[in-house]
Amino acid sequence: GKNICPVGWHVPTDAEWTTLTDYLGGPSIAGGAMKEVGTLHWNSPNSGATNSSGFTALPGGYRYGDGTFHAAGNDGSFWSITPEGDSFAWYRSLYYIGTLVISNNRDKRYGYSVRCVKD
């Protein structure tokens with residue numbers, strides 16, 4: 001099959017996302033270390049953002065299965081490659097308020113951002 005990432009890179013697994021958020025202090029605070037600082041892209045207040053990890057998460061929002069776009073500026077959601085059943089996969093979301101990183105799964109027809117990881 002085709003890979004969305006360039007050769008030598010891959011879409012992270014759910015476990016790799018967990019490794020990252022654990023390394024950054026756990027899901028309750030990791031979002032702050034991952035978010036771009038300021039309100040150029042994130043909606044105000046973008047509270048807790050330090051980008052101390054250098055991840056520079058941006059709030060791309062998402063696309064529903066019907067093709068409409070939502071929440072740009074409010075949240076950044078990133079796919080993992082880990083499936084949940086036949087038509088769902090796991091993802092992580094960060095928000096403009098607070099430092100939480102949410103883990104959940106959703107229909108693969110949703111459009112989320114992808115962050116490739118070096119092999």
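Start by selecting His-70, which counts as partly exposed because its relative accessibility is 29% (buried means under 20% relative accessible area, exposed over 50%, and partly exposed in between, with a 1.4 Å probe and protein chains only). Before you click further, know that this is a predicted model, where local features need pLDDT of at least 70, side-chain atom pairs count only at pLDDT 80 or more, and totals for chains, interfaces and linings use all residues. Residues are numbered from 1 along each chain as its sequence is written, and side-chain values use heavy atoms, with hydrogens and water left out.

**Around His-70**

His-70 sits in strand E3, residues 69-70. Strand and helix labels come from DSSP runs (helices are H or I with at least four residues, strands are E with at least two), numbered from the N terminus. Now show the side chain of Thr-68: a polar contact of 2.8 Å joins it to the side chain of His-70. Such a contact is a pair of N or O atoms within 3.5 Å; within protein, one must be able to donate a hydrogen and the other to accept it, and residues adjacent in sequence count only if both atoms are side-chain atoms.

What else is His-70 in contact with, leaving aside its neighbours within four places in sequence? Select Gly-61, Tyr-62 and Tyr-64 and you have them (contact means heavy atoms within 4.5 Å).

**The aromatic rings**

Keep Tyr-62 and Tyr-64 on screen. Tyr-62 is buried, with a relative accessible area of 18%, while Tyr-64 counts as partly exposed at 29% relative accessibility. Their rings form a tilted aromatic pair, 5.6 Å centre to centre with 55° between the planes. The rule for pairing takes rings of Phe, Tyr and Trp (its six-membered ring) with centres within 6.5 Å; planes under 30 degrees apart count as stacked, over 60 as edge-to-face and the rest as tilted. By this rule the count comes to 10 aromatic pairs.

Next, pick Trp-79 and Tyr-91. This aromatic pair is edge-to-face, at 6.2 Å centre to centre and 80° between the planes. The two come from distant parts of the chain, 12 residues apart, with Trp-79 in strand E4 and Tyr-91 in strand E5. Both Trp-79 and Tyr-91 are buried. To see the whole group, select Tyr-62, Tyr-64, Trp-79, Tyr-91, Tyr-110 and Tyr-112, which form one aromatic cluster.

**The sheet**

Switch to cartoon view and colour E4, E5 and E6. They make an open sheet of three strands in the order E4-E5-E6, with antiparallel pairing (two strands pair if DSSP finds at least two bridges between them). E4 and E6 are the edge strands, each pairing on one side only. On average, neighbouring strands here are turned by 30° against each other, direction ignored. Axes are lines fitted to C-alpha atoms, for helices over the stretch in contact, and angles run from 0 to 180 degrees between N-to-C directions.

Follow E4 (residues 75-84) into E5 (residues 88-95): seven antiparallel bridges hold this pairing, and Trp-79 stands opposite Tyr-91. Three residues lie between the strands of this hairpin, where Gly-85 takes a positive phi near 75°.

Carry on from E5 to E6 (residues 101-107), again antiparallel over seven bridges. Ser-93 has Ile-102 in E6 as its bridge partner. This hairpin has five residues between its strands, and Gly-98 takes a positive phi near 90°.

Now bring in helix H1, residues 14-23: it lies across E4, E5 and E6 and runs at about 135° to E4.

**Asp-107**

Zoom in on Asp-107 in strand E6. Is it buried or exposed? Asp-107 counts as buried, at 12% relative accessibility. Its side chain makes a polar contact of 2.8 Å with that of Arg-109. Not counting residues up to four places away in sequence, Asp-107 touches Trp-79, Ser-87 and Phe-88.

**Last stop: the disulfide**

The structure holds one disulfide, a pair of cysteine sulfur atoms within 2.5 Å. Select Cys-5 and Cys-116 to find it, with 2.1 Å from S to S. The link is left-handed, with -90° about the S-S bond. Its ends are 111 residues apart: Cys-5 is in the segment before strand E1 (9-10), and Cys-116 is in the loop between E6 and strand E7 (117-118). Cys-5 is buried at 7% relative accessible area, whereas Cys-116 counts as partly exposed at 23% relative accessibility.
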